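I want to look up a few spots and jot down what turns up.

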Amino acid sequence: AILGAGPSGLAVGKEALQAGVRPIIFDSSNKVGGIWNPVSNRAWSHSLKTNLSKFTCCYSDFHWSKDVDMYPSRADVHSYLSNYSNQFLKSEHFSLESTIKALEPVKDGRWQVTWYEHSNKENKTDTFDFVVVSTGFYSLPSTPLLTGLSLFPGQVIHSSEYTNPKAFNDKTVVVCGSSFSAIEIAADIARYGNKVYNILPKEVYILPRYIPESFSRKDVPFLPYDLAMFRRKPVVEPGLSERLLLGDEDILKSRGYFDRLLGGPIGSNETEEKELIPVHVAISDSYNVLVEANRVIPINGRVSEVTADGDVVITSRHQEKTKNEKKKKILSNIDTVILATGYSPQLSFLPSSLLSKLSYDPSDPFSPLLLDRDMFHPDAPNMAFVGMYRDPHFPAMDLQARIAVGTLTGSLPPLTIKKQKENIEKSRIRRYHKPRAQLPHNDYIGHLDSLGRELGVPVDEFEWRKRNETLIPSGFRDMNPTDLNNENEVLKEKKEREIDHADIGRKALEIERKEFVKGRRVAAAVFRALHGHW
């Protein structure tokens, strides 16, 4: 049983089928796609784009068509997931419009699953050898308790309810949050609204989607930021694992890079020790320009109260620390407050006793579960979790799916109980470590390479790293050509028949890179730089 038909669940389903296991993928919606499903209300406006290029926002063995924009739309991603599902899975592998009600372990190590079928309006129960939980991190909107909310005459919505910027034509809007969605929604509304205030609980670096590949020369091309930043070093210590915790040196190095690239963060507070604050990044091509034009007004702090007069009361971070009540900022005549305050997972179908063993904390926006590699727990045999932490991205979900299915079916050796507990303790340390990074796996390259290494991908070898210097998912389908020398004729013939996804990905990337070297996106960067007061 696979719970969830989003990007994680689809990847698990495909891997399970290829491993000889019959998957049943449950989802409460009538379509696949998870947050990218048009009816999910969890990927916001149709006018907004992904914050990763199509070279990163994809599976390792399923490539985007050439005519899709570099940064796909919500509709593009949903179409991509539907095509992936149609290619690798059949209708018999799905139980859509089915809401999971309960999971219970049975004596032989299997799991009893109870679900509600919307079409028949009845509960059903069946038993499965394995269960993979891939319901996603973005299940339930998280909303803060605001004083005076019931008296506020304007509209208060969560970002999950945001769909169309034109609905805010000539309105004064407050957007709360410094996340990707908060920044993009504020910029989206500013094209139509009278005024947009963006209340930032933390300072944030606003990164455009295209940045210089390096600072080393004047003719450097502008690339999608993920292709410029997610690059491996040619030499690495064999077996080097992911850096889980941020130290002062990591923070200073990261801040130095973004200060040089962007000039500084938005919403900074002079009273804070900036060098000790981990970098927080959001993606937008227009936000900084709109700030310069006074269309978006960023304010340091948090919304602490709304009033019957239509006022919104802001408390700065410094005031929160010093308990200074005298200098609260008041914004008047506010029509709408949009709470881009995140989500929490929905795991009420798991037994409460098991959730306790998993150290489940739905209020933790970082890692709500403490698991071995965010996938396994010794107290949950024959169960795996895929994509169940903040912002896992397609490559991580793809790799986790391959590891989860391989471990459950026995093609990959499971870790010892001792090693699993050691990994769970690392997750515990990461959960409570201060200062906390923006994401639980802030070392993106280290995290993915650690997962790839478990699948036998030779990520430590010089030639492999040279071929796959830019991190794209298809690289994790790449094995050394010399590997064929150590295999029997049957395996050689099988590999010769297989599609070389790594080569396809590299060639597509090289074609795009040649266009960027010619100067594509430079004019847009110059245009952005000309905005503001001179």
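Does Gly505 count as buried or exposed? First, a reminder to myself that this is a predicted model. I looked up Gly505, and its relative accessibility is 5%. The cut-off for buried is under 20% relative accessible area, so Gly505 counts as buried.

Next, where Gly505 sits. I found Gly505 in helix α14, which covers residues 501–517. I then listed its contacts, skipping neighbours within four places in sequence: Phe55, His63, Ile472 and Ser474. I also checked the spacing to Arg431, which is 74 residues away along the chain. The C-alpha atoms of Gly505 and Arg431 are separated by 35 Å.

On to the surface. Which residues form a nonpolar patch there? I noted Val522, Val526, Leu530 and Trp534, with about 470 Å² of accessible area together. I picked out Val522 from this patch and placed it in helix α15, residues 522–529. Val522 has a relative accessible area of 32%, so I put it down as partly exposed.

Last entry, a sheet. I traced an open sheet of three strands in the order β17-β18-β19, and the pairing is antiparallel. Its edge strands are β17 (302–306) and β19 (329–331), each pairing on one side only. On average, neighbouring strands here are turned by 30° against each other, direction ignored. How many bridges join β18 to β19? I got three, with β18 spanning residues 312–315 and running antiparallel to β19. For Val312, I wrote down Leu331 as the bridge partner in β19.

Methods. Residues are numbered from 1 along each chain as its sequence is written. This is a predicted model: local features need pLDDT of at least 70, side-chain atom pairs count only at pLDDT 80 or more; totals for chains, interfaces and linings use all residues. Side-chain values use heavy atoms; hydrogens and water are left out. Patches are made of residues with over 30% relative accessible area and no salt bridge: like charges are joined within 9 Å, nonpolar side chains (Val, Leu, Ile, Met, Phe, Trp, Tyr) within 5 Å. Accessible areas come from the Shrake-Rupley method with a 1.4 Å probe; for residues, only the protein chains shown count as cover. A salt bridge is a side-chain nitrogen of Lys or Arg within 4 Å of a carboxyl oxygen of Asp or Glu. Helices (H or I, at least four residues) and strands (E, at least two) are DSSP runs, numbered from the N terminus. Buried means under 20% relative accessible area, exposed over 50%, partly exposed in between (1.4 Å probe, protein chains only). Contact means heavy atoms within 4.5 Å. Two strands pair if DSSP finds at least two bridges between them. Axes are lines fitted to C-alpha atoms, for helices over the stretch in contact, and angles run from 0 to 180 degrees between N-to-C directions.
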